Amino acid sequence: QVQLVESGGGLVQAGDSLRLSCAASGRAPESGATGWFRQAPGKEREFVSTINWSGIILYTADSMKGRFTISRDRAENTVYLQMNNLKPEDTAVYYCAAALHSFADKNSYFQPSRYEYWGRGTQVTVSS
């Protein structure tokens with residue numbers, strides 16, 4: 001079992017930055033990936049970015065490249081999401097998710113259903 005706990009969300013203004021944290025406990029995966037997803041009210045859960053267990057960034061959604069950066073501190077068993085130049089459309093609940101195994105196809109990393117473990121999420125609200 002893997003437990004994931006997100007933190008770092010909050011209410012900010014457009015143009016501000018936030019850093020989200022995802023602390024993992026329990027069985028520490030030594031393969032697979034940890035990803036960030038987000039879900040705005042009335043919308044489907046959306047892929048943000050994902051990183052493998054050794055700290056290599058696998059993918060980031062095109063709309064967030066250049067603003068959002070995922071990273072991993074293996075010693076702390078924590079994955080971060082640095083979000084810069086936030087926009088009102090970034091308002092959502094941000095979730096951390098872990099997949100214990102790597103995927104053969106790229107698209108699997110974008111699918112929430114392929115990740116076995118999820119945190120409860122942290123709210124990010126960006127005012128204009």
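**Salt bridges, a buried threonine and a disulfide**

Arg-38, Glu-46, Arg-67 and Asp-90 are joined in a network of salt bridges, a salt bridge being a side-chain nitrogen of Lys or Arg within 4 Å of a carboxyl oxygen of Asp or Glu. The model is predicted, so that local features need pLDDT of at least 70 and side-chain atom pairs count only at pLDDT 80 or more, whereas totals for chains, interfaces and linings use all residues. Residues are numbered from 1 along each chain as its sequence is written, and side-chain values use heavy atoms, with hydrogens and water left out.

Across the whole structure, the search returned four salt bridges. Glu-46 is partly exposed, its relative accessible area being 33%, while Arg-38 counts as buried at 8% relative accessibility; here buried means under 20% relative accessible area, exposed over 50%, and partly exposed in between, for a 1.4 Å probe and protein chains only. Arg-38 also forms a salt bridge with Asp-90, for which the closest N and O atoms are 2.9 Å apart. This pair links distant parts of the chain, since Arg-38 belongs to strand E4 (residues 33-39) and Asp-90 to the loop between strand E8 (78-83) and strand E9 (92-99), the two residues being 52 residues apart. Strands (E, at least two residues) and helices (H or I, at least four) are DSSP runs, numbered from the N terminus. Asp-90, too, counts as buried, with a relative accessibility of 1%. Another salt bridge brings together the side chains of Lys-65 and Asp-62, at 3.2 Å from N to O, and both of these residues are exposed.

Strand E4 also holds Thr-34, which is buried with a relative accessible area of 6%. When residues up to four places away in sequence are not counted, Thr-34 touches several residues, among them Ser-49, Ile-70, Val-79 and Cys-96, where contact means heavy atoms within 4.5 Å.

One disulfide was found in the whole structure, the term denoting a pair of cysteine sulfur atoms within 2.5 Å. The disulfide is formed by Cys-22 and Cys-96, whose sulfur atoms are 1.9 Å apart, and it links distant parts of the chain, with Cys-22 in strand E3 (residues 18-26) and Cys-96 in strand E9, 74 residues apart. The torsion about the S-S bond of Cys-22 and Cys-96 is about -70 degrees, and the disulfide is therefore left-handed. Cys-22 is buried at 1% relative accessible area, and Cys-96 is buried at 0%.
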